[in-house]
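Thanks for coming. I will take a few minutes to go through one structure, part by part. Please have the sequence and the view open.

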Amino acid sequence: MATVLDSKVPSGPLGEKWEKHKFESKLVNPANRRKFSVIVVGTGLAGASAAASLGDMGYKVKAFCFQDSPRRAHSIAAQGGINAAKNYRNDGDSTYRLFYDTIKGGDYRAREANVHRLAEVSTNIIDQCVAQGVPFAREYGGLLDNRSFGGAQVSRTFYARGQTGQQLLLGAYSALSRQIHLKNVEMHTRTEMLDVVIIGGRARGIITRNLVTGAVERHVADAVLLCTGGYGNVFFLSTNAQGCNVTATWRAHRRGAFFANPCYTQIHPTCIPVHGEDQSKLTLMSESLRNDGRVWVPKAKGDKRPAADIPDAERDYFLERKYPAFGNLVPRDIASRNAKEVCDEGRGVGDGQAVYLDFAASIQRVGEDVIRDRYGNLFDMYAKITAENPYKTPMQIYPAVHYTMGGLWVDYNLQSTIPGLFVLGEANFSDHGANRLGASALMQGLADGYFVIPYTLGNYLGGTKLDPVDANAPEFGATENEVNERVTKLLSIKGNKTPLAFHKELGKIMWNDCGMARNKAGLESALKRIPELREEFWNNINVSGEAGEFNQQLERAGRVADFLEFGELFAKDALIREESCGGHFREEHQTEEGEAKRDDDNFAHVAAYEWTGKSGAQTRNVEQLVFENVKLTQRSYK
Amino acid sequence: MATMTATNGHANGHSADGHSKGKMLNLTLQVWRQKNATAKGRMEEYKLKGVSTEMSFLEMLDMLNEQLIKEGKDPVAFDHDCREGICGMCGAMVNGYAHGPDEATTLCQTHMRSFSDGETITIEPWRAKAFPVIKDLAVDRTSFERIIQSGGYVSIGTGGAPDGNSIPIPKEAADKAMDAAQCIGCGACVAACPNASAMLFTSAKISHLAHLPQGQVERRERAANMIRAMDELGFGNCTNHGECEAVCPKEIKMENIALMNREYFRVLV
């Protein structure tokens, strides 16, 4: 019997729900907040902003990150910008338009009320960041500058050169550092969460491993916030940082948190192509480049002439040709699929798996200096990786795994199906539907951390009677034992294959069978091969070193073990979702033009999976999506 | 119009023939091995064959580690995360240079095409009193955290901020703030400095906020507190060698140190 999921979306008109909900929420008075302890796992935009805000309010906060500093979380790598419905350009933007673009961009698979709230608080984020000293790009008159991003016809993206994520994270990190200094936040760096502790059906703490000493430790709290990012590294090669992993959310899933829409993955269209077998990651080139870069391939198959020798008439600017209204700024899923399509036709450049992103026309129009001012650091990065000069020859790009829209299921309060366990940022599933628009990840992370959780956490803590708990509770002991047993098991197998080798092998299965285009046969093959690989892992893994030391092999082995379970759920979800929507493209479901074909009658819902004790045997629960304000149509960017 | 098929392009890291592109190098590596903070370290030599010039330096270390594990040896510990030059987690002295031979480049963005076939490469951790070694090439940079915690922020809470356009900021000031704010906190400046000074790192944050109207209210205390923290944590002082600027992957300029010294005088007078 499937569980009924209550999204707890407040009643009333869309634009009044959040105000109403804030008013109706329980409060914790300032003097009482210090009596409540809160654990925040992860210190990217969502985690750092949440920890800083909650510390500032007076809660006793413990924050955790596996890096050596909270400033290194992978939000730091976001390049292009952050959306906000400021309408500073006077070009027709509004809260409703940002809401509408996000719902449409997500291919009508997101929850209306969450997305509208996101659009509402987007403007506060910019104000907050400016006040922190985030050096956003400015015009000569001193006001904030904007650029355009895919999926929008207004200019609403705020940016700090090509390092917007870095500057926003350093802003949140500075606020967090202040709270650490004030002793409102206790920071644990180089510490990885390995399990969540449930007592009386509520999340009451976590078990961690100190990555320097190997010590396994218990941490008690009244609420736990997971802000641990996405699961793109299940593909091995992605634009994610090396350490990004699914462990925190997967461990929570195994303790009762439903995992929603795991098959929704964003394949970013503009990444540097793969160079070879020993590659460890793919590097993104910001979508903002599509403001000034034109995407093309030769019209003829197998045309191996250098780009400069191919006359304009023999080039196919395929995005401009097929989508004249949005041109090179179509949403990411569409740009990616079209790049794949022209390469599959044999018209790819370089080694065949690349398309050009050409700045020649823009350089001619505005001059090289202006282009350097806009994208200098991105051009430098490209030159370092490829040893080519993009001012002179067009960039070569190809799609790569970048962001994951799926995540732990949360209600309107960002609470998972485990009471007291909240999930923020990329780690939850809530706001981007089946495809995320560019410059919206930063917006969501900071919205959740600065402006949503301070209210919804208060509502939980103020409205719940929590029994006192300490670290000697038997549940802590039992969970810690399980963590220790797992570590011991990983080290004891002493097989022949390294964690890296298993990770690569899983990545190949995922990319080939669950990548940009998916079909029934491929997904069924993945569902057979992933459990086989997992079986082999637990019999043949070779983890060197010991438990009580700095052991990066052990860290990776634990994460790969969880990916080997998660990948199976991913493929299962992709197989059951018999439609194409956003980043989920099933070959069986496409229009004659090769565009994604949704099935709103059968799949306008969130699939939320419930752990039942065995990998792959999860129960599929459904939250029907209700569209009261937006009419479901086929997305058109023509 | 062709419809989609399930070949997803590159086989996720596999070029058509299963091998890496680029020229192949055979290398000798001299690597600092140190079991933990208290153990005595030493250089060890390893031979590594078939390193593609297209690989990044860290991918070369990955390859070395796979080889060491196969030989039953302990792999080399090294810090890394984003591998795109922005998180600041990676770093090592390569042939005596912080982050290796390339200008304005982190170690993860250093590529093996910068080395030649048959070369011997020495790889050591950052060396500074305030950065104790954790294991092999990984060091403890908590001291940088303490410097930021002592004042590297504008003391505001969440909420109540005025409209982002309420205070116009001249583009030149915003650009200068951004130049300084690009610091990734990797510690190369400290490692390269003969005095193990953290003045480039500290001054970058002071300078970033000093250029902005939002940073004015606490300008004096910020400089005083951050400089005091820097001194107490065991970093040395600047004697104008300029090594920090030369190795900085984000090209943070020494003029920030000059600015910081002026800020310090403001505190004194």
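This is a predicted model: local features need pLDDT of at least 70, side-chain atom pairs count only at pLDDT 80 or more; totals for chains, interfaces and linings use all residues.

**Domains, interface and a helix pair**

In chain B, the C-alpha centres of domain 1 and domain 2 are 28 Å apart. To place them for you: the domain assignment of chain B puts domain 1 at 24–127, and domain 2 at 141–153 + 170–268. Where these two domains of chain B touch, 14 residues come from domain 1 and 11 residues from domain 2. On the domain 1 side of that contact in chain B, the classes are 7 nonpolar, 6 polar and 1 charged.

Now chain A. Chain A is also split into two domains, with domain 1 covering 269–398 and domain 2 covering 490–604. Taken over C-alpha atoms, the centres of domain 1 and domain 2 of chain A are separated by 29 Å. The contact in chain A involves 5 residues from domain 1 and 5 residues from domain 2. What classes of residue does domain 1 of chain A bring to the side that touches domain 2 of chain A? There are 4 charged residues, 1 polar and no nonpolar on that side.

Next, the two chains together. Here 94 residues of chain A are in contact with 81 residues of chain B. On the chain A side, the elements giving two or more residues include α3 (45–57), α5 (112–132), α9 (332–344) and α16 (552–576) of chain A. Another of them is α6 (164–181) of chain A. Which element gives the most to this side of chain A? That is α6(A), with 9 residues. By class, the side of chain A that touches chain B has 33 nonpolar, 36 polar and 25 charged residues.

Last, one pair of helices in chain B. Two packed helices are described by the angle between their axes and the distance between the axes. Helix α5 (residues 199–210) of chain B packs against helix α8 (residues 255–268) of chain B at an angle of about 70°, and their axes are 8 Å apart. Angles of 65 to 115 degrees count as roughly perpendicular, so α5(B) is roughly perpendicular to α8(B). From α5(B), the residues making the contact include Met199(B), Leu200(B), Ile206(B) and Ala210(B). From α8(B), the contributors are Asn256(B), Ile257(B), Leu259(B), Met260(B) and Glu263(B). Sorted by class, the residues of this contact between α5(B) and α8(B) come to 8 nonpolar, 4 polar and 1 charged.

That is the end of the tour.

Note on methods. Residues are numbered from 1 along each chain as its sequence is written. Chains are lettered from A and ligands numbered from 1 in the order in which they are written. Axes are lines fitted to C-alpha atoms, for helices over the stretch in contact, and angles run from 0 to 180 degrees between N-to-C directions. Helices (H or I, at least four residues) and strands (E, at least two) are DSSP runs, numbered from the N terminus. Angles under 35 degrees count as roughly parallel, over 145 as roughly antiparallel, 65 to 115 as roughly perpendicular and the rest as oblique. Two residues are in contact if their C-beta atoms, placed from the backbone, lie within 7 Å. Ala, Val, Leu, Ile, Met, Phe, Trp, Tyr, Cys and Pro count as nonpolar, Asp, Glu, Lys and Arg as charged, and the others, Gly among them, as polar. Domain bounds come from an automatic or database domain assignment.
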